Amino acid sequence: MTRLSAITPSGHVQLGNYLGAIRRWAAEGTGDDVYFISDLHAMTSSHNPARLRALTREQLAVLIAAGVPPRSVGVQSDLVRELGALTWVLECTCTYGEAARMIQFREKSVGRSSVRLSLLTYPVLMAADILLQGAHEVPVGDDQAQHVELARALARRFNGTYGEVFAVPRAVVPPTAARVRDLADPTRKMAKSAQDAAGTVFVLDPPDLVRRKIKRAVTDDLGVVRYAPDEQPGVANLLEILAACAGKEPAELAPAFDSYAELKEATAEAVVQELAGVRERTTALLDDPAELDRVRAHGAERARERSRHRLDAALRLSGLG
């Protein structure tokens, strides 16, 4: 059973990415799973090439430093030729109506006079990611479930039209993870691409900066530490972060604190300790580019080997080669 997950280098890896996904990949990942940096997806809007390259390397280092099995880790663009070929075949299997119905395309293109064509077609590239690697399960949130459904539809259509090549994947809801919110505005999720980094804790932030950001976190004027997400979202956010680091439930931690200052201090120290090893190992990897390149090349070759027969079959059965 192969699972496939990815992270897009649209910004530095933040605490929500780590607690919500990367830490789980490290704990539950097997040698058959695939975890990759989706740098091609980061090109659907205006981007800086040098920054994209640097963020891709940084995210690769974070995944390895966090304990995700190196043989399961890779970079999407290292298979750009294979993905390009399969994406074209799948685009010739997909209809315009299917692509245009994707919620993210409709939301991100609204009110804009011009959007990149890739914003419309990248769900087909995502389908190629999934089908090329033979993934059976794709853990996704609600915003990506529709894309997995498209991959399922294209796999079935190709198999039915040309011959059986692709496993039909299914979207799965990942285990409940920390719901990390922005420290400055707890009504929104913490995001690596946020314009204002004051409310975002990044995995590579120095300990003193982590402490400052958490101690400045927005709370309220009630002055009572309790787990009430609807009434006290800022306090609930701190309790959820602390609980994720401590392996406990937010509600059971609340009674231990008499003030917001105590809660912030405990949360800050828990986050600093949680990220310390990952930050140290990531820095070491980034300082050893030869080792990072070696791991990346090995992951690319493994991904190429496991996908070669599917691509060859898809090209042959569709009339190419």
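Author: Start with L4, which stands opposite V34 in β2. The chain gets from β1 to β2 by way of helix α1 (residues 15-28), and that β-α-β crossover is right-handed. Keep in mind that this is a predicted model.

Reader: How many bridges join β1 to β2, and do they run parallel or antiparallel?

Author: Four bridges join them, and the two strands run parallel. β1 covers residues 4-7.

Reader: And which way do the side chains of β2 point?

Author: In β2 (residues 34-37), V34 and F36 point one way, while Y35 and I37 point the other way. All four are buried.

Reader: What does β2 pair with over three bridges?

Author: That's strand β3 (residues 73-75), again in the parallel sense. Within that pairing, I37 stands opposite V75.

Reader: Why does S5 count as buried?

Author: Because its relative accessibility is 6%, and the cut-off for buried is under 20%.

Reader: OK, α2 then. Which of its residues are buried?

Author: Quite a list: L52, L55, T56, E58, Q59, L60, A61, V62, L63, I64, A65 and A66. What covers them includes β1, α1, β2, β3, α11 (260-286) and α12.

Reader: Where does A42 sit?

Author: A42 lies in the loop between β2 and α2. A42 is buried, with a relative accessible area of 11%. Leaving aside neighbours within four places in sequence, A42 is in contact with T8, P9, H47 and L52.

Reader: How far is A42 from D287?

Author: Their C-alpha atoms are separated by 24 Å, and the two residues are 245 apart along the chain.

Reader: Switching topic: how many aromatic pairs does the structure hold?

Author: Three. One of them is F158 with Y162, a tilted pair at 4.9 Å centre to centre, with 50 degrees between the planes. F158, Y162 and F166 form one aromatic cluster.

Reader: Is F158 buried or exposed? And how does Y162 count?

Author: F158 is buried, at a relative accessible area of 0%, whereas Y162 counts as partly exposed at 36% relative accessibility.

Reader: Last one, α12. How many residues does it have, and what's its reach?

Author: α12 (residues 289-317) has 29 residues and reaches 41 Å from first C-alpha to last, close to the 42 Å expected at 1.5 Å a residue.

Reader: Where is its kink centred?

Author: On S307, and the kink is about 45 degrees. After α12 comes G319, with a positive phi near 100 degrees.

Terms used: Residues numbered from 1 in each chain as written. Predicted model: local features only at pLDDT ≥ 70, side-chain atom pairs only at ≥ 80, totals over all residues. Heavy atoms only, no water. Buried < 20%, exposed > 50% of the residue type's maximum accessible area, 1.4 Å probe, protein only. Pairing = 2+ DSSP bridges. Right-handed = clockwise from strand over helix to strand, strands pointing away. Expected span 1.5 Å × (residues − 1). Bend = angle between axes of the 7 residues up to and from the residue. Phe/Tyr/Trp six-rings, centres within 6.5 Å; stacked < 30°, edge-to-face > 60°. Contact = heavy atoms within 4.5 Å.
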